[in-house]
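The following exercises concern one structure. Each task is followed by a solution in steps.

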Amino acid sequence: MTGPWFSLPFGVALAAYSLVQLGSAPQWWDIATTTILLFAAATSILRGVLDLRARRRTSRD
């Protein structure tokens, strides 16, 4: 469950969830949770992109 086909959709879904859970009148803990979830989402998306690039690079050899 660490391949790009998991990491990319998971990261996008996590980012979407973090923004939705923020709500219309956020408290400090909502903002803190959103920040943590967005960082995790960005990490997951970046890992998926890097994994895709690495797989494409090795598959051409």
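Residues are called buried under 20% relative accessible area, exposed over 50% and partly exposed in between, with a 1.4 Å probe and protein chains only. The model is predicted, so local features need pLDDT of at least 70 and side-chain atom pairs count only at pLDDT 80 or more, while totals for chains, interfaces and linings use all residues. Residues are numbered from 1 along each chain as its sequence is written, and side-chain values use heavy atoms, with hydrogens and water left out.

**Exercise 1.** Determine the element that holds Val 49 and classify its accessibility.

Solution. Step 1: helices are DSSP runs of H or I with at least four residues, numbered from the N terminus. Val 49 falls in helix H2, which covers residues 28-59. Step 2: the relative accessibility of Val 49 is 36%, so this residue is partly exposed. Step 3: in sequence, Val 49 is 46 residues from Gly 3, yet their C-alpha atoms are 9.8 Å apart.

**Exercise 2.** Classify Ser 44 and list the residues it touches beyond four places in sequence.

Solution. Step 1: Ser 44 is also placed in helix H2. Step 2: because its relative accessibility is 11%, Ser 44 is buried. Step 3: with contact taken as heavy atoms within 4.5 Å, and residues up to four places away not counted, Ser 44 touches Ser 7, Phe 10 and Gly 11.

**Exercise 3.** Locate the salt bridge of the structure and describe its partners.

Solution. Step 1: the criterion is a side-chain nitrogen of Lys or Arg within 4 Å of a carboxyl oxygen of Asp or Glu. Step 3: Arg 55 and Asp 51 are four residues apart in helix H2, so about one helical turn separates them. Step 4: Arg 55 has 45% relative accessibility and is therefore partly exposed.

**Exercise 4.** Identify the two aromatic pairs and assign their geometry.

Solution. Step 1: rings of Phe, Tyr and Trp (its six-membered ring) pair if their centres lie within 6.5 Å; planes under 30 degrees apart are stacked, over 60 edge-to-face, and the rest tilted. Step 2: the structure contains two aromatic pairs. In one, the ring centres of Phe 6 and Phe 10 are 5.4 Å apart and the planes meet at 10°, so the pair is stacked. Step 3: both residues lie in helix H1 (residues 4-22), four residues apart. Step 4: for Trp 28 and Trp 29, the centres are 5.7 Å apart and the planes at 80°, so this pair is edge-to-face. Step 5: Trp 28 is exposed at 65%, whereas Trp 29 is partly exposed at 44%.

Key. Helix = DSSP H or I, 4+ residues; strand = E, 2+ residues; numbered from the N terminus.
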